[in-house]
Amino acid sequence: MERIVLFLVLGAFLTGSMYTLNVESNTRDADDALQRYQYKELARDAALAGLRRTVASLARNAHTPWSGHNAYDLGRTPYGDGAYEVDVQTVAGQADTVDVYVLGIFGPDSIRIDARYERAQDLGGVPPAFRSVILTEDLLQVRGNITITTLDPGINANIHTNDELRTNGNSFIVEGYGTYANASSTSQPDNFQPRVDYNGPESNVLQVPEITLPDARLDSNDADVHWVDTDNWPDLVLEPDPGFPTAVLNIQDEIYGPGGFCTDGRIPPSVCWQDGNPVLGDTQAFVWWVAGNIDMTNVQVQGNVVLYADGYRTINGTPDAAPGAGLLLEDDIAGEINADDQTQLMLRTAGEAHIRGNDRVIGSIWANGDVTFYGTPDFYGNVLTPEARFEGLGDFTLTYAAPSTLITTPGYRNDDPIGPVLIGYAEWDEEYLP
């Protein structure tokens with residue numbers, strides 16, 4: 001009997017000991033996982049510090065060839081309690097293009113960043129600011145049943161914010177990268193699925209340098225402007241007191257084409273045609289400047305056209321030059337898509353843009369104020385705005401179509417300085433360093 005009791009006591013002791021060991025083991029595992037996560041974040045901070053330092057060196061010397069690239073290499077350099085290393089190599093056959101390999105180290109972990117830079121003025125094709133479906137300066141929230149895709153299957157539908165990228169829910173899909181310059185609270189990186197994935201198994205939510213958001217303001221006397229609507233035009237809708245016009249150009253159920261503007265005598269024939277061939281709207285964008293707001297409902301626009309709203313508003317009957325609503329788009333607003341899958345209509349304003357209705361919008365939107373979608377239209381184009389808002393309920397699809405360079409250039413030239421121009425970026429976990 002005593003032997004049986006001894007066995008029972010011994011068994012209970014062993015069971016308790018095993019439980020204690022399991023708890024201690026699980027606690028250690030959790031602590032190790034947390035510590036490794038912190039190591040990786042600190043290693044990434046070190047890698048980004050090394051990249052920033054190298055890019056600054058490349059920028060300082062961008063007016064001369066980068067052929068002496070060994071001068072940019074950095075041996076192990078302390079950064080806090082970690083370190084970084086940088087190796088810069090010229091790309092074969094491209095004397096003005098370099099690959100920057102950065103290793104950020106903290107404790108037993110490291111993060112690798114590979115970036116390719118070109119020593120050039122970025123003047124080719126679509127300017128950098130127009131290469132994302134959405135480019136904002138502020139917090140960018142992706143939520144609801146939103147699908148962000150691209151018209152051309154060979155390119156990605158990227159979204160970028162110069163601040164924080166935040167996502168909610170699992171019902172959204174982005175067929176591109178989610179990039180941010182400040183921070184990310186994105187817990188669904190698998191919802192970012194680039195059509196062309198340069199990043200392999202690593203996260204497609206990345207921190208990258210800021211992208212300059214160009215000023216949408218356009219002067220009425222700019223050489224690129226062809227037709228100016230001021231408060232004196234009869235097609236403006238006025239308030240009851242004609243001394244203080246609301247300055248709203250109201251367009252409803254119309255089809256507009258540059259050819260029609262060329263035949264009414266307001267635009268010189270030398271601008272519309274050259275040697276008998278159409279120019280305006282064809283090989284050159286037609287630019288229509290409005291002193292106030294533009295309200296559009298069920299409008300089709302043909303050819304390469306820029307509709308600009310300066311966004312004046314009235315406060316208590318007194319004209320105010322501060323940006324106002326700018327653009328109000330309702331129902332079907334359809335520009336054209338060219339053979340290169342690019343939009344030919346630029347809706348541009350110094351104020352805000354409000355999009356209502358659930359039909360479709362085909363065109364690029366470029367605003368100095370917020371852009372808000374109250375409905376869920378089928379949208380084809382891209383959006384540049386300090387802040388993008390999506391208030392509509394239901395399924396919503398944004399399809400990226402790059403703007404034609406003909407509609408991005410009026411009154412604006414991509415004046416990014418000569419190099420370094422980022423043309424490739426990837427980062428991943430190097431795992432354990434021996």
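Me: Helices (H or I, at least four residues) and strands (E, at least two) are DSSP runs, numbered from the N terminus. Which helix gives the most to the lining of the second largest pocket?

Reply: The model is predicted, so local features need pLDDT of at least 70 and side-chain atom pairs pLDDT 80 or more, while totals for chains, interfaces and linings use all residues. Residues are numbered from 1 along each chain as its sequence is written, and side-chain values use heavy atoms, without hydrogens or water. A pocket is an open set of points on a 1 Å grid over the protein atoms alone where a 1.4 Å probe fits, with protein on both sides within 12 Å along at least five of seven lines; lining residues have an atom within 4 Å of a point. At least two lining residues come from each of helix 1 (2–60), strand 13 (205–207) and strand 34 (421–432), and the largest share, four residues, comes from helix 1.

Me: Which residues lie nearest the centre of the second largest pocket?

Reply: The lining of the second largest pocket is made up of 18 residues. Nearest its centre are Glu41, Arg44, Ser203, Val205 and Glu427.

Me: Which side chains of strand 30 are buried?

Reply: Strand 30 covers residues 378–381, and its side chains alternate between two faces.

Me: Which residue of strand 33 stands opposite Phe379?

Reply: Strands pair if DSSP finds at least two bridges between them. Strand 30 pairs in the parallel sense with strand 27 (residues 360–362) over three bridges, where Arg360 has Asp378 as its bridge partner. Strand 30 also pairs in the parallel sense with strand 33 (residues 396–400), again over three bridges. There, the residue opposite Phe379 is Leu398.

Me: Why is one side of strand 6 and of strand 12 left without a neighbour in the sheet?

Reply: The open sheet has three strands in the order 6-9-12, paired in parallel. Strand 6 (140–142) is joined to strand 9 (residues 164–167) by three bridges, and Leu140 has Leu165 as its bridge partner. Strand 6 and strand 12 (183–184) each lack a neighbour on one side because they stand at the edges, each with a single partner strand.

Me: Which residues have the most contacts inside the largest nonpolar core?

Reply: A nonpolar core is a set of buried Ala, Val, Leu, Ile, Met, Phe, Trp, Tyr and Cys residues joined through side-chain atoms within 4.5 Å. The largest such core has 70 residues. The residues with the most contacts inside it are Ile159 and Met296.

Terms used: Buried < 20%, exposed > 50% of the residue type's maximum accessible area, 1.4 Å probe, protein only.
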